[in-house]
Amino acid sequence: MISFSRFVLPNGLRVIHHYDPDSSVVVLNTLFNVGARDESSDKTGFAHLFEHLMFGGSKNVLSYDKAVENAGGSNNAFTNNEYTNYYISVPAENAETAFWLESDRIFQLNINPQTLEVQRGVVVEEFKQRCHNAPFGLLWHHLRGLLYQKSPYRWPAIGEDLSHIENAMLEDVSAFYKKHYHPANAILCVAGQISEEETRTLCEKWYADIAPTGEVNNNLYISDPLPKTRRFMETEDPSPNPAVFMVWRGPAFQNPESVALEFFADLLGGSEISPIYTLWVKENLVFNDAAAFYVRSHNEGLFVLYGVLNEGETHAHGEKCLLETLSDAIAGKFFTERHMERVKNKATSALLFEKASLINRAQKLCYFENIGEINRVQDEDAVYRNVSLQVMLKTAAGNINPDAAAVLYYHPKQSS
Amino acid sequence: MTFRLTAPEAKTIKTLSFVPPKEYTMSGGWSLFTSPKRDLGVIKLLFCWPCGTAHKAAPTLARATQTLRLSGNKNLSAEEIQEGFEYWGAAANLDVGLLSSTLVLQTQKQHLEQSLKWLMEQGAEPVFPEKELSVFKQVETASLLRRMQTPRYWSSRLCFEALYGKDSADTRFENPEDIENLRVAELKNWFEKHLRFPAARLFASGDFGDEERAVVESLLGTAAPLKQPASFSQTQNPEFKSNIRHGMEHAQQVSLYMGKRLPRLTIQEMQTASFVNMFLGGFFGSRLMQDLRETQGLTYGVGSGLTPSAHGFTWYINGEMNSQNAEKAAVATREIMLGLTSSPPVGEELEKARRYVSGQLRAGFDGPFSLPAKWQFLLQNNLPESYYATYMDRIWSITTDEISVFADNYLRPDSFTLALAGKLS
């Protein structure tokens, strides 16, 4: 149970308070309802670039980071396809510093050519480090490109093309800020050793005067029809191992079917005792790594199945092995009531450990508020308990058509 | 709105506020350290053996033995043992560091008895089946070969090998043949000597009170003395190399790694080193991060740190950047190192670091699972319980002159080895 209270300021900012007397810190977690899906196709990676610019200081705060450090605090942020999340954690006695900092950068961020130039360089290096230097670093570019043709979900948060970031202009990022960074498009969670009364007082002082300047993001996007046939691409990668990746689109986070698919993926390939791993890594030595997982997200999820091939194995054989086991699993060959009890116990444990962290609780509250169902933060375990074996298999059969996978073959890059 | 012009007063943090773990000696002779109970529904039990990869020139044996300790016994297969944990929603996470091996049992409070009993019964007498070792070799070799494609891997490896020699206890880099040469008999022998359950320290945290302690006590059996291997393998003293270059055809960036060996330090020296490191590259406001990333935009991330070695510490600096910027970044890094002696932090810079580090030091004790790792660090390094409190005092008492002298003694750039790996221009 996560205890919380909620109120809305006249300018539209939604505030959630969560008290934790055992903590010595106060966390302010701010979720902006803007992510990579809100970018135009010729300016991808902007939500993430903007996340970097948010640390460049604001009208009344010359250096954001210096001010955080001066208060003994720490901060960070992340961007995904659906939202951008910032958090700051400070010693409880310095809570007001966090209110000052977070409100000022919503109120008037200092976007200037110098900050933009430096952060463009930083993000370009981040792109290279994550996508070009890491094995299978462009995986999500390829997979999303196979799944979507028109939808803005077809590129990952880091951006589709490095040149979009390299060419980002000041007027572009200023327009992005104006459109998306305003109180009504944000959710603030104040968590830790701070009372509700003090939270209300500080919110009133620091946030109430921010004008309601923009529209709430209506989150309407072009949707691609679900693929009905196999889609395929092959590419090279610096990784020395060839690999086969397969992905399907699935139901949204709010749909209980997404939990059923998460369970199905966990049982199919979520650990070293799953059929995918035991059959093809341990017994038949086709892969040296293989797994399945389901990414639950707001609009729709992604079901991923992959194997990294051993020397001498072909991609076609690898794909056949994965699909054969997937089909057997959907047909009910592997899983019993004991498996269901196991996967539910695992999910409950993961949930309890996740909730042990103050920052996780604050982020969870913001996430559920953003999807318009904050009270469901209390029901996650009940949703887990309601998934039966029959429902899980029926959901898998209804959502994962082995003949309609998006399939990606990786080949090791040949030396020139 | 003029109130926004002035920052709210930020108070300084000069004290720590945590309840230290309680140490219990249980009937079987085990020492159990417990954190204050928190009403969470979950528990972590940390078993720690004082023996890691540093105790063997090739680290692979220690790692393989710990990784495979739950991979089968006389009666049950790896899958059956793992299924027993997962059924209760529990997990037994295994890890090996330079100086210790650990097992963390994560479990719901309501399933503590079942999962711990399962661990003690099924993990007591591993047989290290040939099949499991064979799979381990296949998986680990592929994973190693993938890591070997990254510039970061080679810059750090070549730097460490230049500092300590290729076969040193401190050079924790494996080759595919080390993995291939593993034998079941060696794993059994290593387990027998160093990793048996009774010869571990035990830490409990989370929703753990008297009732749970009674459960643990009833299941643990009789303790055995902690077995630290007699000595580390010999550390070599290779001829000093100042510059190493390693070109990689497919890389898109260059990884910069600088390193230097430090001897064993006194407690006060350790605390000073740790604090001086903050100015170099220990946090976002450090000189490296501010100059290379925030001013010049040369890198996504650059940082420095102190990592324990078998005989002291290694001071390192690491970052990834565009190939045209690598030499520029190396020059800037050297200037920053020299600058800590010639223009050491004063005034606002010193005050800001003090405030940041003290705030983070206190925050490090926040959360239900923070204490075991901190106490394990003290015990492993024979440090007193007052270590963290005296570090807080040191943060606030250290002078600019002391920082300058320390940097002059330990941070001269010409005493560091620089390795650049990746797309060299």
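Student: Which helix lies across S9 and S10 of chain A, and at about what angle to S9(A)?

Tutor: Keep in mind that this is a predicted model. The helix here comes from the other chain: H4(B) lies across both S9 and S10 of chain A. Its angle to S9(A) is about 75°.

Student: How do S9(A) and strand S10 of chain A run, and how many bridges join them?

Tutor: Strand S10 covers residues 301-309 of chain A. One of the links to look for pairs Val295(A) with Leu302(A) in S10(A). The two strands run antiparallel, and the number of bridges joining them is eight.

Student: In what order do the strands of that open sheet of five in chain A come?

Tutor: Start from the edges: strand S7 (231-237) and strand S9 (287-295) of chain A each have a single partner strand, so one side of each is left without a neighbour in the sheet. The pairing is mixed, and neighbouring strands are turned by 15° against each other on average, direction ignored. Going across, the order is S7-S11-S8-S10-S9.

Student: Which strands are the edge strands of the open sheet of six in chain B?

Tutor: Read the order across, S1-S2-S6-S3-S5-S4 (chain B), again with mixed pairing. Neighbours in this sheet are turned by 20° on average, ignoring direction. The ones that pair on one side only are strand S1 (22-25) and strand S4 (91-96) of chain B.

Student: What is the bridge partner of Cys48(B) in S6(B)?

Tutor: Look at strand S3 (residues 42-49) and strand S6 (residues 201-206) of chain B, which pair in the antiparallel sense over six bridges. Cys48(B) has its partner in S6(B), and that residue is Arg201(B).

Student: Which helix of chain A packs on this sheet, touching S3 and S5 of chain B?

Tutor: Its direction makes about 105° with that of S5(B). It spans residues 337-355 of chain A, and its name is helix H12.

Student: How many residues of each chain are in contact, and what gives the most to the side of chain B that touches chain A?

Tutor: The contact takes 61 residues of chain B and 62 residues of chain A. Chain B's side has 25 nonpolar, 21 polar and 15 charged residues. Elements supplying at least two residues each include helix H2 (78-87), helix H4 (130-147) and helix H12 (347-363) of chain B. With eight residues, the one that gives the most is H12(B).

Student: Into which domains is chain A divided, and how far apart are their C-alpha centres?

Tutor: The domain assignment gives domain 1 (5-207) and domain 2 (231-412) of chain A. Their C-alpha centres lie apart by 29 Å.

Student: What gives the most to the side of domain 1 that touches domain 2 in chain A?

Tutor: Each of the two domains puts 27 residues into the contact. On the side of domain 1, these are 14 nonpolar, nine polar and four charged residues. Strand S2 (14-19), strand S3 (25-32) and helix H5 (139-147) of chain A are among the elements that supply at least two residues each. The most, five residues, comes from H5(A).

Student: Why does the radius of gyration of chain A agree with a compact globule, and what is its value?

Tutor: The C-alpha trace of chain A spans about 65 × 55 × 35 Å along its principal axes, and 55% of its 416 residues are buried. A compact globule with 416 residues would have a radius of gyration near 22 Å, so chain A agrees with its value of 23 Å.

Notes: Residues numbered from 1 in each chain as written. Chains lettered and ligands numbered in written order. Predicted model: local features only at pLDDT ≥ 70, side-chain atom pairs only at ≥ 80, totals over all residues. Domains from an automatic or database assignment. Contact = placed C-beta atoms within 7 Å. Helix = DSSP H or I, 4+ residues; strand = E, 2+ residues; numbered from the N terminus. Nonpolar A, V, L, I, M, F, W, Y, C, P; charged D, E, K, R; others polar. Rg over C-alpha atoms; globule rule 2.2 N^0.38 Å. Buried ≥ 20, exposed ≤ 12 C-beta atoms within 10 Å, placed from the backbone. Pairing = 2+ DSSP bridges. Axes fitted to C-alpha atoms, helices over the stretch in contact; angles between N-to-C directions.
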